[in-house]
Amino acid sequence: MNRRTFNQKFSKGLVSFAFFETFITQDLFGQKIKPITLHWVKELDSMCRDLKTKQLSQVLWQQKVEELLQKISLEDLLKWIDFERLARQMKYPDLGVTTGRVRFPRLAGVPAHTVFTKKVFGMTKGRAIIPHGHNNMSSAHLILKGSFEVKHYDKVQENTREMIIKPSIHQISKAGAATSISDEKDNVHWYKALSDKAYTFDIIMFNLNPAYSKPYDVSNIDPLAGKNIGKGLLQVPKLTVQQALKKYGKDAHH
Ligand SMILES: [Fe+2]
C-alpha cells in the first residue's frame, strides 16, 4: 500500500469512527453522555478482565487503573453514576462510612455486566474508611468530592493476630486523586475525611486467585499501636470491626 492509499484508508476509517461515535452518543437523564465516557468505561472493563485472566499483573493494573480514574472528567463521571441520587439516599453513620452500589446506565456500547464491582463510599468530616488490609482482591479508589488524609501501607506479613506493614503513601488528597491496593502493593488503606462530606468511587475486583479459601477477606488493624521493628517496618495488632470503628471510625474532636 503506498502512502496515498494508506492516507485515504486511514481518513476513511476516521470518518466512519467519528460517525459511529456520534451515533452512540445518548441521552442520560436528559443530559448528553459524551462518547469519551463510553470509551472510558470499556477501557476500565477491559483492564479489569486482563487482571482477572492475569494478562495484567496486579501492580500494572494498579498503575493503569489509577491513571484511568484520574483521566475522566469528574463532572462526566458524577453524571454517569448518577451521583446526586446516590448521595441523596445515603444515611451517614456516626462511626465510619456508608456505601452505595453503583449501577452503570444501560446504554448501547456499555458492557451489561462489568467484571468489577463498583461502589461509592460516603462519610462526614472526621469519619474514616478505617485502616484495613485485604486478601485475594484488588481495588482502586477515586475521590469524587471533598478531601481526605490518605494512608497506605505495604503488607509484608500477617498471621491471625498481627500484621507487619510498611508505610507507602501518606498524602492529603482532594477530588480527582486516586490510589489502589492489591496483594502485592499498598495493601492496607486508610482514608480519613477532612471536608464536611467526602466521597470515593471504588472499583473492586474479588477472587483474583480462585484457589484461595475465600473470594476475599478483610483485616482491620491498629497502626497507631504499631511497634517499630526496624527497617521502616511496623508490627501492628489486628482488631475486630467494633474495636476498629471505636478507635478509627471517628476523630476524637468530632
Ligand atoms: Fe478495602
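Mentor: Strand β6 is mostly covered, with 9 of its 9 residues buried; a residue is called buried if 20 or more other C-beta atoms, placed from the backbone, lie within 10 Å of its own, exposed if 12 or fewer do, and partly exposed in between. Strands (E, at least two residues) and helices (H or I, at least four) are DSSP runs, numbered from the N terminus. The model is a predicted one, in which local features need a pLDDT of at least 70, side-chain atom pairs count only at pLDDT 80 or more, and totals for chains, interfaces and linings use all residues, pLDDT being the predictor's confidence in each residue on a scale from 0 to 100. Residue numbers start from 1 along each chain as its sequence is written.

Let us begin with the sheet. Strand β6 belongs to an open sheet of 5 antiparallel strands in the order β3-β4-β11-β6-β9, where two strands are said to pair if DSSP finds at least two bridges between them. The edges are taken by β3 (98-101) and β9 (178-181), each of which has a single partner strand, so one side of each is left without a neighbour in the sheet. On average, neighbouring strands of this sheet are turned by 25° against each other, direction ignored; axes here are lines fitted to C-alpha atoms, for helices over the stretch in contact, and angles run from 0 to 180 degrees between N-to-C directions.

On one side, β6 pairs with β11 in the antiparallel sense over 8 bridges, and within this pair Ser 138 stands opposite Met 205 of β11. On the other, β6 (residues 137-145) is joined to β9 by 4 bridges, again antiparallel; Ser 139 has Ile 181 of β9 as its bridge partner, while Leu 142 stands opposite Ala 178 of β9. Helix α3 packs on the sheet, touching β6, β9 and β11 (197-206), and its direction makes about 15° with that of β6; residues are in contact if their C-beta atoms lie within 7 Å.

Helix α3 (residues 58-71) also has a helical partner, α2 (residues 35-52), and the two pack at an angle of about 170° with their axes 10 Å apart. The two helices are therefore roughly antiparallel to each other, since angles over 145 degrees count as roughly antiparallel, under 35 as roughly parallel, 65 to 115 as roughly perpendicular and the rest as oblique. From α2 come Trp 40, Glu 43, Leu 44, Met 47 and Leu 51, which meet Gln 58, Trp 61, Lys 64, Val 65 and Leu 68 of α3. The residues of this contact divide into 7 nonpolar, 1 polar and 2 charged, with Ala, Val, Leu, Ile, Met, Phe, Trp, Tyr, Cys and Pro counted as nonpolar, Asp, Glu, Lys and Arg as charged, and the others, Gly among them, as polar.

Phe 206 is partly exposed, with 16 other C-beta atoms within 10 Å. Leaving aside neighbours within four places in sequence, Phe 206 is in contact with Thr 117, Met 137, Pro 215 and Tyr 216; its C-alpha atom lies 6.1 Å from that of Tyr 216, which is 10 residues apart from it in sequence.

Strand β10 (residues 188-193) also has 6 of its 6 residues buried, so it is largely enclosed by the rest of the structure. Val 188, Trp 190 and Lys 192 point one way from β10, and His 189, Tyr 191 and Ala 193 point the other way. Strand β5 (residues 128-135) is joined to β10 by 3 bridges and runs antiparallel to it, with Ile 129 partnered by Tyr 191, whereas β7 (residues 147-158) pairs with β10 in the antiparallel sense over 6 bridges, His 152 being the bridge partner of His 189.

A last word concerns confidence. The protein chain averages a pLDDT of 90, and 87% of the residues score at least 70. Over residues 10-25, however, the pLDDT is below 50, and this stretch has 8 contacts in the model beyond near neighbours in sequence.

Conventions: Contact = placed C-beta atoms within 7 Å.
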